[in-house]
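These are my notebook entries on one chain. I set down what I looked up, entry by entry.

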Amino acid sequence: MFWIQLSTFVLFNLLILAMLTTQIPARAIAFTTGQHAGGGEGAYTVWHLIADIEAETREAADKHGPEHEHPHIPPKFPTTDPDEPTGRHHLHP
């Protein structure tokens, strides 16, 4: 019984030690600033990139105009019951 208690004690201490040592690098990273922080005046940020992509998308849509619009599909009630099994997707024994 002594050896079981001793091995359990040692294993729990190793587990605690492993958890503490793996958290040290994460804490050191948390105190550093991100690469995008402090870019200064006139730095190209993610918000600039998003605005540029939206402007390009808008420009491409204006350039193509109505010729690339999808045709209007009128809504139609289905003629068959979607819950009715067709027999195509069922496994046969």
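Predicted model: local features only at pLDDT ≥ 70, side-chain atom pairs only at ≥ 80, totals over all residues.

Entry 1. I then asked where Asp52 sits in the chain. I found Asp52 in helix H2, which covers residues 46–64.

Entry 2. I found a nonpolar surface patch of about 880 Å². Its members are Phe2, Trp3, Leu6, Phe9, Val10, Leu11, Leu14 and Leu17. I looked up the helix of Leu17 and recorded H1, residues 2–30.

Entry 3. How many aromatic pairs does the structure hold? I recorded 1 aromatic pair. The partners are Phe2 and Trp3, in an edge-to-face arrangement. A pair of aromatic rings is described by the distance of the centres and the angle of the planes. For Phe2 and Trp3 I noted 5.2 Å centre to centre and 70° between the planes. The angle is over 60 degrees, so the pair counts as edge-to-face. I also noted that Phe2 and Trp3 are both exposed.

Entry 4. I recorded 2 helices and 0 strands. Of its 93 residues, 0% count as buried. The accessible surface of the chain comes to about 9700 Å², and carbon and sulfur atoms account for 66% of that surface.

Definitions and conventions:
Residues numbered from 1 in each chain as written. Heavy atoms only, no water. Helix = DSSP H or I, 4+ residues; strand = E, 2+ residues; numbered from the N terminus. Patch = residues over 30% accessible without salt bridge, like charges linked within 9 Å, V, L, I, M, F, W, Y side chains within 5 Å. Areas by Shrake-Rupley, 256 points an atom, 1.4 Å probe, with all protein chains shown as cover. Salt bridge = Lys/Arg side-chain N within 4 Å of Asp/Glu carboxyl O. Phe/Tyr/Trp six-rings, centres within 6.5 Å; stacked < 30°, edge-to-face > 60°. Buried < 20%, exposed > 50% of the residue type's maximum accessible area, 1.4 Å probe, protein only.
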